[in-house]
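I keep this notebook to record what I looked up, element by element, before doing anything else with the coordinates.

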Amino acid sequence: METSVWIATLAAAITAGTPILYAALGEILAERAGVLNLGVEGMMLVGAVTGFMVAVRTGNPWMGFLVAMLAAGLLAAVFAFLTITLRANQVVTGLALTIFGTGLSGFLGKPYVGIPLPLSFKPVAIPILAEIPIIGPVLFNHNPLVYLTYILVPLLWYYFYRTRPGLNLRAIGENPAAADALGVNVFALRYIYVIIGGMLAGAGGAFLSLAYAPSWLENMTAGRGWIAVALVIFAVWDPVKALLGSYLFGGVDALTYTLQAATKIAIPSFFLKMLPYILTLVVLIIATRQTVVKHIGAPGALAIPYDREER
Amino acid sequence: MRKGWRLILILLLVLAVTLFAAGCGGKKEAGNNQSGQNQPAGGQAAEEKMKVAFIYVGPIGDAGWTWAHEQGRQYLAEKLPWVEASYVENVPEGADVERVLTELAEKGNKVIFATSFGYMDYVIKVAEKYPNVVFMHCSGYKTAQNVGTYFAAMEEPRYLSGMVAGKMTKSNVLGYVAAHPIPEVIRGINAFTLGARSVNPDVKVKVVWTNTWYDPAAEKQAALSLLDAGADVIAQHQDTPGPQQAAQERGKYGIGYNSDMRQFAPEANLTSPVWNWGPYYVKVVEAVKNGTWKSEDYYGTMKDGIIDLGPYNDKVPQEVRDLVDAKKQEIIDGKFYVFQGPIKDQSGKVRVQEGQKMSHEEVLGVNWFVEGVEGDIPK
């Protein structure tokens with residue numbers, strides 16, 4: 001393959017990986033706070049459809065993006081209420097959220113199927129940086145939503161590991177009782193992180209319908225929400241690793257077509273599509289070994305509802 | 001006491017969500033009345049209407065395959081006021097088909113149009129149980145006493161669109177986003193390639209398979225990979241304008257499919273081979289009503305008007321239009337046949353001798369690429 005094709009494939013990997021990255025970052029926030037939200041797919045779909053609806057109505061994709069985040073955040077708030085306040089089972093509630101989100105988005109989006117978007121997010125080359133050979137076209141010739149993640153990922157990393165609120169966040173996920181004893185408001189913080197997590201999932205959905213496709217189609221996330229959930233484990237709850245992982249998963253997506261268009265290598269596309277899940281399984285196997293768990297394991301209180309009276 | 005509060009809260013929440021959903025849905029209905037408009041107003045005519053049903057693989061708004069059939073249904077409802085034409089959309093090619101077909105037959109539909117290849121076996125199965133219902137299956141090859149098939153020589157307009165692409169390319173590399181490796185798609189790729197090479201013998205056609213009929217994101221991604229590999233005109237055998245949008249984004253050209261796709265890619269879309277099902281649907285339903293319908297294997301042509309080459313983009317120069325229009329007339333007059341020899345396959349072996357034509361059966365079952373196509377047919 002020529003270098004230009006490699007560059008194009010890497011750039012396509014980033015575009016294809018970004019929606020998964022948004023959703024995975026959101027899920028990392030929620031899971032770091034000790035809440036397992038399996039409703040990512042549903043929240044992404046609701047984000048995708050509301051974002052598209054608003055962007056079509058207003059002609060402003062940023063407006064759509066904003067509303068997508070709010071709508072998915074609202075859905076996450078419902079989830080938070082059920083699991084944090086009412087202490088419902090997180091796995092069951094998450095699955096219910098996905099099913100609800102899938103249905104709701106299909107219902108809302110019905111009249112918008114096949115309608116063209118007047119204005120979508122278009123790639124914008126960053127001056128100077130885009131001129132750098134290889135790195136420029138791969139990293140700095142994308143739509144604004146991709147650049148947003150370049151800022152978001154280091155920001156989250158810094159927040160997690162270098163700030164006091166970040167420490168509190170990890171504490172309520174590891175040992176909420178101890179955090180509570182120290183005067184950290186476990187309930188309020190869990191609410192906040194679950195809702196922000198949902199907003200990011202909505203952003204991932206809006207990326208699909210406003211920049212990647214750009215159109216609305218029932219069930220258009222096509223399992224990307226579940227890939228994001230898997231990616232969180234793959235990335236061991238670390239935003240930087242989530243970035244790399246999502247580009248890897250996105251690369252598999254992009255490679256499916258590039259291999260056909262630019263080479264004579266005939267790897268069945270079904271095989272390639274299977275790879276992200278195999279990789280996740282491998283990481284799961286490694287991550288469950290006792291010696292490793294201490295270093296990179298899941299948040300201690302993940303999926304366990306916090307109840308003050310049960311201390 | 002706390003338990004009671006919880007229950008009330010949950011109930012309120014469910015209520016709020018339901019109301020929210022209903023409210024949004026209601027507004028949407030009002031904004032989109034194009035589908036409702038064409039439904040015959042129930043109860044207006046006292047006499048019994050003849051019921052006809054369509055089942056679609058995609059949504060009616062796909063701007064592609066299903067949209068074209070839906071135009072045909074609307075045409076039918078408009079031309080024959082005594083027909084009540086309903087549809088079921090988004091029926092995937094799976095076990096659900098049997099249920100949907102059975103329901104439609106039970107509801108008293110006299111003619112059922114099944115508009116996707118993968119419905120074939122279900123159509124045959126259900127048709128056995130309802131001998132008094134006429135089933136029309138689009139693009140298949142199995143018929144029965146009460147099952148007819150219908151399709152058309154899309155290779156004719158595809159050949160013409162290939163000529164346009166061959167004239168407009170600068171890199172001499174054309175890209176083709178293809179759905180599934182079945183004869184219908186392979187036939188289209190061959191016709192497109194023959195057309196392109198008839199005006200520009202240096203042209204190569206690169207093929208990428210998406211393994212889906214309908215997935216805007218995947219189709220666009222596949223088109224982008226072809227553009228990255230050097231193609232500067234993107235043709236498609238897909239049901240959404242995704243590939244056209246990719247061409248538009250990169251400032252290259254595209255050839256659409258199913259319907260005029262210029263509105264989705266005004267700068268890029270040069271023209272599109274299009275379907276025009278309406279008149280045929282009228283003919284079939286009238287024949288059933290008059291009792292003259294017989295099971296047949298209908299294969300329409302451009303002469304019948306069931307297929308055509310859509311309008312040109314302003315960017316297509318007059319000389320190219322003249323050239324293509326002249327060839328179109330030759331096809332309509334029966335002076336030119338798309339699959340006439342000599343035709344070589346990818347290895348350079350002559351598959352159709354000079355002066356010979358591929359038979360209808362050979363055309364329908366084609367499983368090899370002509371010379372000039374780059375790509376494999378997955379087994």
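Predicted model: local features only at pLDDT ≥ 70, side-chain atom pairs only at ≥ 80, totals over all residues.

The entries below go from the sheet of chain B to its helices, then to a loop residue, and end with a helix pair in chain A.

Entry 1: I looked up the strand order in chain B and found an open sheet of six strands, S2-S1-S3-S4-S5-S12, with parallel pairing. Its edge strands are S2(B), residues 83–88, and S12(B), each of which pairs on one side only.

**Entry 2: strand S5(B).** I wanted to know how many residues of S5(B) are buried. Six of the six are, so the strand is largely enclosed by the rest of the structure. In a regular strand the side chains alternate between the two faces of the sheet. In S5(B), I see Val147(B), Thr149(B) and Phe151(B) pointing one way, while Gly148(B), Tyr150(B) and Ala152(B) point the other way. On one side, S4(B) pairs with S5(B) in the parallel sense over four bridges, and there Cys138(B) stands opposite Tyr150(B). S5(B) is also joined to S12(B) by four bridges, again in parallel, and the bridge partner of Phe151(B) in S12(B) is Tyr299(B).

**Entry 3: helix H10(B).** I checked the length of H10(B), residues 278–290: its 13 residues should span 18 Å at 1.5 Å a residue, and the end C-alpha atoms lie 19 Å apart, which agrees. Its buried residues are Gly278(B), Tyr280(B), Tyr281(B), Val282(B), Val284(B), Val285(B), Ala287(B) and Val288(B). Just after the helix, Gly291(B) takes a positive phi of about 75°.

**Entry 4: H4(B) and H5(B).** I looked up how H4(B), residues 96–106, packs with H5(B), residues 120–129, and found an angle of about 35° with the axes 9 Å apart. The crossing is right-handed. Val97(B), Glu98(B), Leu101(B) and Thr102(B) of H4(B) meet Tyr122(B), Val123(B), Lys125(B), Val126(B) and Lys129(B) of H5(B), and by class this contact divides into five nonpolar, one polar and three charged residues.

**Entry 5: Lys303(B).** Lys303(B) sits in the loop between S12(B), 297–300, and S13(B), 307–309. I count Lys303(B) as exposed because its relative accessibility is 63%, against a cut-off of over 50%. Its C-alpha atom is separated by 9.2 Å from that of Gln329(B), 26 residues apart along the chain.

**Entry 6: a helix pair in chain A.** Finally I looked at H2(A), residues 40–58, and H3(A), residues 61–85, whose axes come within 7 Å and cross at roughly 145°. Their crossing is right-handed, and the contact has 12 nonpolar, six polar and no charged residues.

Methods:
Residues numbered from 1 in each chain as written. Chains lettered and ligands numbered in written order. Heavy atoms only, no water. Axes fitted to C-alpha atoms, helices over the stretch in contact; angles between N-to-C directions. Helix = DSSP H or I, 4+ residues; strand = E, 2+ residues; numbered from the N terminus. Left-handed = near helix turned anticlockwise from the far one by under 90°. Nonpolar A, V, L, I, M, F, W, Y, C, P; charged D, E, K, R; others polar. Contact = heavy atoms within 4.5 Å. Expected span 1.5 Å × (residues − 1). Buried < 20%, exposed > 50% of the residue type's maximum accessible area, 1.4 Å probe, protein only. Pairing = 2+ DSSP bridges.
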